[in-house]
Amino acid sequence: MTTTDTTTKTAPVGETVLDARGVTMRFGGLTAVRDVNLTVNRGEIVGLIGPNGAGKTTFFNCLTGLYIPTEGEVRFKDKVLPPQSFKVTAAGIARTFQNIRLFANMTVLENVLVGRHTRTKEGFWSAILRGPGFHRAEAASRERAMELLEFVGLESKADHLARNLPYGEQRKLEIARALASEPDLLLLDEPTAGMNPQETRVTEELVFAIRDQGIAILVIEHDMRFIFNLCDRVAVLVQGEKLLEGDSATVQGDERVIAAYLGEPFEGAPGAEEVAEVEAAEAQAETTTDAAPGKENDR
Amino acid sequence: MTTQTTAPGIPSTPASGPATGLIGIPPHLGRALATGGGALTVVSAFLAWTWTSAFPGDLTVYGYPGGLQVLALIGGALTTLLCLSSYGVKGLRWLTPAGADGAIKFAALATFATVWYTVLAITVDLGGVVNLEPGGFVAAIASLAGLLGALALPFERPEREPHDPDDTGWELFRHRLRTGGDIAKAAFAGGTARPVGTLPSYAEILIIVAVLGLGLTVFTYGIGTEYDELFIGFLIMAAFGFAALNKAGLVSQASQITARHQNITICGAFVAAAMFPFTQTDDQYATVGVYILIFGTVALGLNIVVGLAGLLDLGYVAFLGVGAYAAALVSGSPSSPFDVHFPFWAAVLVGAGASLVFGVLIGAPTLRLRGDYLAIVTLGFGEIFRITANNLDGTSGPDLTNGSNGISSIPNLNILGFDFGAEHAIAGFTIGRFANYFFLMLLITAVVVLVFRRSGDSRIGRAWVAIREDETAALAMGINGFRVKLIAFAVGASLAGLAGTVQAHVTYTVTPEQYLFAGPIPPNSAFLLAAVVLGGMGTISGPLIGAALLFLIPNKLQFLGDYQLFAFGLALILLMRFRPEGLIPNRRRQLEFHEDAEAPTVLTKAGA
């Protein structure tokens with residue numbers, strides 16, 4: 001892991017790909033994201049962390065055209081993002097979803113082929129007439145899709161239905177599908193959620209490999225070790241506002257970040273005395289609740 | 001979405017008890033009994049079953065099976081052959097690649113049901129058991145013996161779930177019912193067929209030809225059944241017989257072979273369909289044939305919209321109506337306000353074009369809706385079309401459609417000097433008016449099948465399926481959802497319009513009442529959707545077979561009268577309960593509904 005870590009630091013950082021300026025998203029009276037600035041450069045992995053409900057996914061949705069920011073603008077390669085998600089994908093931003101959204105009843109290969117949609121042109125008439133151009137494009141798409149499946153290690157399962165893949169492989173397939181649209185920026189929304197440490201490590205390697213292809217990556221994650229191993233820069237979002245941005249060490253050591261995640265001691269914080277008292281009371285309560293085993297499930 | 005199915009290849013065999021039959025006859029005796037019963041049924045088919053020809057089908061002749069006796073003969077022969085195959089008789093073993101016992105049970109059941117249905121029908125129709133000749137008794141006893149023997153064949157009993165001693169009487173009853181159901185299911189279960197080895201390709205093509213020939217024979221027989229009893233007997237025999245072949249593993253082997261040669265199979269199916277008019281002596285059943293084709297073609301067009309793109313369209317019949325009206329208006333009919341007579345190719349373009357325009361007009365505002373809302377809006381548009389056509393009669397609106405009288409006396413088509421209204425002699429066969437239109441309609445069906453196949457297996461088809469599966473994810477993949485859905489809607493509409501142009505000429509008259517949402521006569525929107533769902537969404541053969549059944553059954557069972565729609569509803573509920581993926585399941589959908597069943601986890605060919 002340390003070897004890859006060193007390459008991270010030395011990776012070439014190119015021009016700015018994504019530039020979000022003052023993005024604000026309001027839903028009625030609720031401000032989910034307030035005045036967030038974020039840039040992502042080519043060949044860079046940027047992490048976005050924050051406690052649950054901080055507005056990370058909302059911010060992601062603003063970047064992918066699912067939501068149109070109430071204020072501020074998102075520039076992608078110096079152009080303002082179009083307001084529809086399919087146009088955003090065509091412009092070069094691909095994403096994965098927090099709760100996997102594969103096309104469950106299509107095969108693994110077909111899922112990746114759907115990802116090729118924006119990079120192919122064949123329309124209805126071409127499909128009906130089946131000229132040489134159609135066959136060429138179809139063959140090229142398949143070839144590229146198989147390459148991507150090989151890249152994520154799913155080439156042997158190309159004919160399986162997506163729904164039948166194990167969880168970790170579904171995540172990988174989602175990444176392959178996103179890569180099929182040949183993006184310049186890949187947005188990963190909690191790519192390791194629900195994975196065991198081993199799978200997480202494999203995903204880490206995969207993300208590095210994608211970065212090495214010159215694709216910028218913005219990743220939301222709760223797994224801190226994953227984030228700090230991976231990212232060149234980390235931005236912390238708390239209650240819709242960007243609290244901090246910096247490299248792993250800066251963020252890791254910042255008190256405000258720890259406070260945002262764990263809460264901070266308030267004025268009348270309980271001293272050691274009170275803590276002991278509470279613990280004793282809890283121990284007592286435990287013995288009484290044992291009598292009602294049915295309650296266990298409610299927690 | 002993230003549900004994992006059980007790993008493939010691990011057969012879910014519950015710890016099984018001793019393999020015994022359903023009834024307490026020793027298995028070897030049972031097998032012999034089934035064989036003998038089957039053989040005796042074959043013999044009995046040659047005897048007289050009743051003394052009078054008052055019962056239709058003339059079952060009074062010795063030495064020559066007639067009507068329902070032929071069905072009994074087929075059932076008996078099937079049972080006997082399967083039994084012989086289970087004995088391992090050389091040359092018959094190929095009949096049962098998935099094990100014989102389940103198949104024998106179904107074959108014996110088919111024979112038993114057909115024979116006893118006949119015997120009971122004779123008894124009831126003619127008023128008493130006295131009307132049965134000895135042959136009838138022989139057949140009844142033989143088929144019963146065959147069934148009993150078949151039920152004695154051993155099977156793996158599922159493990160009994162112990163019941164909770166605290167259960168109330170009702171819960172105990174339900175538990176017993178469930179256990180009984182499990183046992184019955186296990187008793188009739190078949191194994192998985194061994195995969196077909198590679199045969200020389202000419203042999204595989206011969207097999208395809210044989211399968212298609214069998215299909216044509218069965219279908220022609222079904223259309224040609226002349227009285228209710230025979231048709232019911234045919235349905236019983238066909239349903240259980242198909243189940244028997246399915247359990248024997250022949251169906252899965254046949255579908256493996258046809259999947260290897262899809263193009264040949266489709267061409268062959270069209271050739272077989274084109275043979276149909278030549279098997280008929282008069283034009284009577286060609287009428288049925290052409291109506292089935294119209295119905296089936298429109299259902300297939302709907303399948304693009306519903307099966308591929310997942311847009312529930314409840315007013316689809318309106319597009320058929322638009323096409324038919326457009327063709328009728330330019331057909332030179334005296335009741336058309338336009339005094340023009342377009343050639344057929346131009347009429348087809350007008351019909352399909354008009355439907356396309358309507359499809360886009362209706363689709364553009366509505367396709368932004370999802371799910372149920374779209375269904376309700378399309379339902380409304382279907383009715384609006386009918387009411388508008390009713391009102392454009394010159395009094396409540398401009399004179400365009402001649403109101404509820406419709407556009408009548410539409411002249412017959414004449415393509416390149418070929419008059420569709422006249423009889424033609426082709427190779428010694430007389431081809432009547434409806435048979436002419438049958439061939440034309442077959443051509444249209446071929447076009448629709450081509451469009452369905454080619455568009456389904458392409459970038460646009462994958463986009464449709466992706467939209468159906470998960471619209472948000474599809475948008476995130478760069479698919480312009482609205483545009484792609486509009487294309488599906490427009491393609492479906494113009495295909496229906498295409499069928500409508502022929503329909504206008506076949507029926508002579510186009511009236512608004514032909515294009516209802518629901519009614520006893522197909523095609524209407526509800527029946528179209530039913531044909532798609534019943535046949536199997538997303539497949540080619542499914543809607544065609546569904547349409548054939550939905551047309552034939554009400555057409556043949558006239559005696560049901562007012563109960564027709566009731567019976568239809570009942571049948572649909574039962575089918576959706578026990579086979580939600582339709583008669584011809586798309587492999588995707590089979591996996592969807594039977595997650596842990598023996599369904600394959602690997603999909604080799606996409607779609608149908």
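This is a predicted model: local features need pLDDT of at least 70, side-chain atom pairs count only at pLDDT 80 or more; totals for chains, interfaces and linings use all residues.
Local features here need pLDDT of at least 70 and side-chain atom pairs count only at pLDDT 80 or more, while totals for chains, interfaces and linings use all residues. Residues are numbered from 1 along each chain as its sequence is written, with chains lettered from A and ligands numbered from 1 in the order in which they are written. Helices (H or I, at least four residues) and strands (E, at least two) are DSSP runs, numbered from the N terminus.

**The sheet in chain A**
- Strand β4 (residues 71-76) of chain A is joined to β5(A) by two bridges, and the two run antiparallel; strands pair if DSSP finds at least two bridges between them.
- Four strands of chain A make an open, antiparallel sheet in the order β2-β1-β4-β5.
- At the edges stand β2 (30-41) and β5 (79-80) of chain A, each with a single partner strand, so one side of each has no neighbour in the sheet.

**Two loop residues with positive phi**
- A:Arg130, in the loop between α5 (124-129) and α6 (132-152) of chain A, has a phi near 55 degrees, a positive value in a residue other than glycine.
- A:Gln239 sits in the loop between β9 (233-238) and β10 (241-246) of chain A, and its phi is near 50 degrees, also positive in a residue other than glycine.
- A:Gln239 counts as partly exposed because it has 15 C-beta neighbours inside 10 Å.

**Nonpolar cores**
- A nonpolar core is a set of buried Ala, Val, Leu, Ile, Met, Phe, Trp, Tyr and Cys residues joined through C-beta atoms within 7 Å.
- The largest such core has 183 residues, and those with the most contacts inside it include A:Ala176 and B:Val290.
- Helix α10 (residues 284-308) of chain B gives the most to this core, with 17 residues.
- A second, separate core of 53 residues includes B:Ala45 and B:Phe188.
- Beyond its neighbours within four places in sequence, A:Ala176 is in contact (C-beta atoms, placed from the backbone, within 7 Å) with residues including A:Val112 and A:Leu148.

**Where the chains meet**
- The contact takes 36 residues from chain B and 36 residues from chain A.
- On the side of chain B that touches chain A, α15(B) gives the most, with eight residues.

How values were computed: A residue is buried if 20 or more other C-beta atoms lie within 10 Å of its own, exposed if 12 or fewer, and partly exposed in between; C-beta atoms are placed from the backbone. Two residues are in contact if their C-beta atoms, placed from the backbone, lie within 7 Å.
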